[in-house]
Amino acid sequence: MSSEKVINHFSIDVGMILKDLNSIPNPHLVTRTTGRDVRNAIEVKLSAIRSPALSVIDFSAIEVMDFSCADEVVARLLARFICTDRPQEAFFVLKGLLPSHLEPVVEVLERQKILAVTENGPGLLGLLGSFSSEEGKVWEFIEAKRSATKDELNTVFMEKEDQAALRHLTDQRVVFYETSGNRYRSLGSVMDGLLN
Amino acid sequence: MRKILLPKVLDFQTYDVVFSEVSGESTESVVFDGMNLNWIDPNGMVNLLAAGSVILDKTDQTPSLILPKGQEVTSYMERMGFFQAAKGIFSTESLDEVKQESATSDVLLEVTQIMQNSDIHKVVDKVQGRAGAILTNTLGYAPNAVVQFSVVLSEVCQNIIEHAESAGWVAAQTYNWSHRLGRLVVVISVTDLGVGFRGSLSREYSNRFGKEWNDTKALEAVFVHGLTRFPDMGRGQGIQQIRKQVRKWNGMVSVRSGTSRIIDVPHWFESSSLQEGLANFPGTQINIVVPKRIQHEL
């Protein structure tokens, strides 16, 4: 099944958003005010996209990212779309994170107890945040296979902890449950659709 | 006219002397006598501006500043942008004596006023351009330290905008602490004239502490426990992250607010981690010292 039929892709260049904010003269994602403005701009862009959507947030043009901005642009954005009263169905992949961005991003994710998917190279995704060994194992399995049916997962992951891990990964929206196919899909499988 | 004598050395260990002179009730006009000043660091400069501002506020007259007799000190203050920042705080006739010098490359970050978001962006951009060579070649840090340094600056400056409800100043410079430490250091100083930690937290936390609520409790709440007046999760990380990073660099962080100062004391510095009963002064004063990296400390 083609991923485009299931989920819409949408790429957001954070560097371009910063440029569009007239008050910000440089490629640094610093200060809470800037972070709030950037998050608002992302949410406005997202609201124009039909659900469900996979949004690739591209940080590759960003030089410095501080903790306040990481909290606003990453943690709060993701948290808003994880909660049950989310404005729309959206999934996120963080792209172009430099090693220096990872420390603030991981810190704010752990603090808010949320998970995020990051693209470490073309088609190569990783999980960020604080997760259990079971969650890591289930996520890696789905990511490697790109998709797995419920039955398949029930066969491989029979332990109660593994089942709980799958539920948590789904709630955290780092895997995508496709009701029509009764299967779990990795966000990587949707990214494959972007590459093809 | 009241004369406030500046010490010969005006830095993070001596600016309290000036604050205690300034904190009295007197509304008499003031002259700051810097004639004998022969050394001033970023803490000295930004806190002299703060002291001048408090006097201006109390007396409704701009205080005078007698310049150091040593041309080197005046010249250095000019290069650090002190006199530019002092316009409107100290009387102009005292500043007119200063010969304008063009900006030079030996300054890490001139005295910069922080009033709004864009000021912090400018500070980060400036330091990104200047600090790389200093941190890697001179202080022995890994190349990515320049970004971490910018993040520390950003977070420390945001303390002014997010909590002080007032303007402030930041400055940073590299020094050779040959006598004190036997090595180079970077000194970052940030000061504001805002509500201070106690003022920022009072509404949310004063009832919890009751009669024990004071500057020390407020400092501990922010510095040690990461509390903030904002109820949402994700806030209150700034000072915590600064402490964490500076600790990795084997550095020192001190925060003075109201009548107390709290310090993360590194092994190379002798001080108690808490100082109380200081002269009451508005706002918050933050001092960060990052020493040159030494192999055996890695």
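## Strands β6 and β8 of chain A

In this predicted model, Thr149(A) stands opposite Arg183(A), a residue of β8(A). Strand β8 covers residues 183–186 of chain A. β6(A) and β8(A) run antiparallel and are joined by 3 bridges.

These strands belong to an open sheet of 3 strands in chain A. The order is β6-β8-β7, with antiparallel pairing. β6 (147–149) and β7 (175–178) of chain A are the edge strands. Each of them pairs on one side only. Neighbouring strands in the sheet are turned by 25° against each other on average, direction ignored. Strands of a sheet pair through backbone hydrogen bonds, either parallel or antiparallel.

## Contact between chains A and B

Chain A brings 24 residues to the contact, and chain B brings 21 residues. On the side of chain A that touches chain B, α3 (32–47), α4 (67–82) and α5 (99–112) of chain A each supply at least two residues. α5(A) gives the most, with 6 residues. By class, this side of chain A has 9 nonpolar, 9 polar and 6 charged residues.

## Helix α9 of chain B

Helix α9 of chain B spans residues 215–223. Of its 9 residues, 7 are buried, so the helix is largely enclosed by the rest of the structure. The buried residues are Asp215(B), Thr216(B), Ala218(B), Leu219(B), Ala221(B), Val222(B) and Phe223(B).

What covers these buried residues includes two helices of chain B, α8 (196–209) and α10 (238–248). Strands β9 (252–258), β10 (260–264) and β11 (274–275) of chain B are also part of the cover.

Methods:
Residues are numbered from 1 along each chain as its sequence is written. Chains are lettered from A and ligands numbered from 1 in the order in which they are written. This is a predicted model: local features need pLDDT of at least 70, side-chain atom pairs count only at pLDDT 80 or more; totals for chains, interfaces and linings use all residues. A residue is buried if 20 or more other C-beta atoms lie within 10 Å of its own, exposed if 12 or fewer, and partly exposed in between; C-beta atoms are placed from the backbone. Helices (H or I, at least four residues) and strands (E, at least two) are DSSP runs, numbered from the N terminus. Two residues are in contact if their C-beta atoms, placed from the backbone, lie within 7 Å. Ala, Val, Leu, Ile, Met, Phe, Trp, Tyr, Cys and Pro count as nonpolar, Asp, Glu, Lys and Arg as charged, and the others, Gly among them, as polar. Two strands pair if DSSP finds at least two bridges between them. Axes are lines fitted to C-alpha atoms, for helices over the stretch in contact, and angles run from 0 to 180 degrees between N-to-C directions.
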